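Biologist: Hi! Could you walk me through this model? I'd like to begin with what sits inside.

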Amino acid sequence: MRAIWGWSGAGLLVAAGVAGSCGRTENAGLTETEPARAESPAPATPAASVAVAAPGEGLAEQRARIVARVDSVDRALRKVRGLTREERASLRQDVNAAQLAVAQSGGVRASGEAEIARLRRSGRLVELEDTTSYWVLRDLTHSVPFSTPSARGMLLEASRRFQARMDEMGLPRFRLTVTSVLRTDESQADLRQRNSNAAAGVSTHEYGTTMDISHIRFEPPAADPKLPAELAQLQDSLMQDVARRHASALQGELGRVLRDMRKEGKVKVMMERQQPVYHTTVAARIRAPEHVE
C-alpha cells in the first residue's frame, strides 16, 4: 500500500492510503457494440501546477507560490458542478448481464499465472503500468495488473479526456485511481468469501476487459522532476487534499467523460452504489501506444 500525503492548515500530515478492490463491481452490465477504430486523442497542453523558480528564488518563495497555486485550484473546483440526477441515472444503465456479454465477446480468461503468461506472450493481455502521468494503480489485493490491449486503450483515452477537461478549466492534470483489474478464478472465489457484495456468478473482471476506477479518489498530478523533493512532497500533499475535498466535482467531470465514451460505443459503465467506483468494460477496439509515461 502506498502512502498518501495529506495537508491540514500550514502543516503536513502523513496518512495511510486507503483504497480497496471493488467487490460489487460484478453488478454492472453491457451490450455488445460495433468496435470503434478511432485513436485515443492526443494529450492537450498541460496546465502548470507550479511556476518555474525565478533566478535566485529560494525554497520559501517557491513554497509560497505552490500554496497560492493550490488555493486557486481550490477556488476553481468550487465552481465545478457535480453530477446531476439525470447524469447519474445515465451512468447506471449498463447492468451486469449486458457488460458480461461484451466481456465474454471481446475478452480472454486466465485461470492462473501460467495462463496469464501465455496470453501475454501472444499479445492478448498486456500489463498496466503501475504509475503514469494519467493513472495510478492502488491496492490490487484481489486482482492483477493485466488487461486486454483495448481495455488499456480505454483507460488511456478516458484519462486523456479527463485531463483535457482539467486543461480547459485551467486546473492541474489530476490522475485516475484504478482499484481492480483482472481477476483469476481463484482470486474471484477468494473475494466472494471475503466480500458478500462480490458477484456469485462469473465476473466481468475475469476477462481482462474490465477495471474499476475510483470516483471519490483522484491522484495528484505527476510531479515535475525538476522540483526539489521537499517541494514535490508539499505539492502532492496539497493537491491530494484539494482532490479529496472536491471529489464530487472531479467525479462529475470523469462521469461526463465516461458518459460520452458510452454514447460513442466505446465503454460500458456502471456507477456503483455500494462501492465508490465506476465499473467500466471496454466495448470497442481502442488502440494505445506500447508505453505510457
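Modeller: Happy to. A nonpolar core is a set of buried Ala, Val, Leu, Ile, Met, Phe, Trp, Tyr and Cys residues joined through side-chain atoms within 4.5 Å. Buried means under 20% relative accessible area, exposed over 50%, and partly exposed in between (1.4 Å probe, protein chains only). This is a predicted model, where local features need pLDDT of at least 70, side-chain atom pairs count only at pLDDT 80 or more, and totals for chains, interfaces and linings use all residues. Residues are numbered from 1 along each chain as its sequence is written, and side-chain values use heavy atoms, with hydrogens and water left out.

Biologist: Which residues touch the most other members of the largest nonpolar core?

Modeller: Those are Leu77, Trp135, Phe162 and Phe174, in a core of 48 residues. Apart from that core lies another of 7 residues, including Ala110, Leu125, Phe146 and Leu182.

Biologist: And what is Trp135 in contact with, leaving aside its neighbours within four places in sequence?

Modeller: Counting contact as heavy atoms within 4.5 Å, the partners of Trp135 include Leu128, Leu155, Leu156, Leu176, Val178 and Val292. Glu129, Asp130, Ser159 and Arg175 are also on the list for Trp135.

Biologist: Nice. How many of the protein's residues count as buried?

Modeller: 53% of the 293 residues. In general, nonpolar side chains tend to be buried together in soluble globular proteins.

Biologist: Changing topic: how many helices and strands are there?

Modeller: There are 8 helices and 9 strands. Both are DSSP runs numbered from the N terminus, with at least four residues (H or I) for a helix and at least two (E) for a strand.

Biologist: What span should helix H1 have?

Modeller: H1 covers residues 59-77, and at 1.5 Å a residue its 19 residues should span 27 Å. The expected span is 1.5 Å times one less than the number of residues. The end C-alpha atoms of H1 are 27 Å apart, which agrees.

Biologist: Which residues of H1 are buried?

Modeller: Gln62, Ile66, Arg69, Val70, Val73, Asp74 and Leu77. Seen down the axis, the buried residues of H1 fall within an arc of 145° (taken from the directions from the helix axis to the C-beta atoms), so they line one face of the helix. Their cover includes helix H7 (229-245) and helix H8 (247-263).

Biologist: How many salt bridges does the structure hold?

Modeller: It holds 24. One of them joins the side chains of Arg138 and Glu219 (2.8 Å, N to O). That pair links distant parts of the chain, 81 residues apart: Arg138 is in the loop between strand E4 (135-137) and strand E5 (146-147), and Glu219 is in the loop between E7 and H7.

Biologist: Are Arg138 and Glu219 buried or exposed?

Modeller: Arg138 is buried, with 7% relative accessible area, and Glu219 is buried too, at 1%. Salt bridges that share partners also join Arg81, Glu86, Glu87, Arg165, Glu253, Arg256 and Arg259 into one network.

Conventions: Salt bridge = Lys/Arg side-chain N within 4 Å of Asp/Glu carboxyl O.
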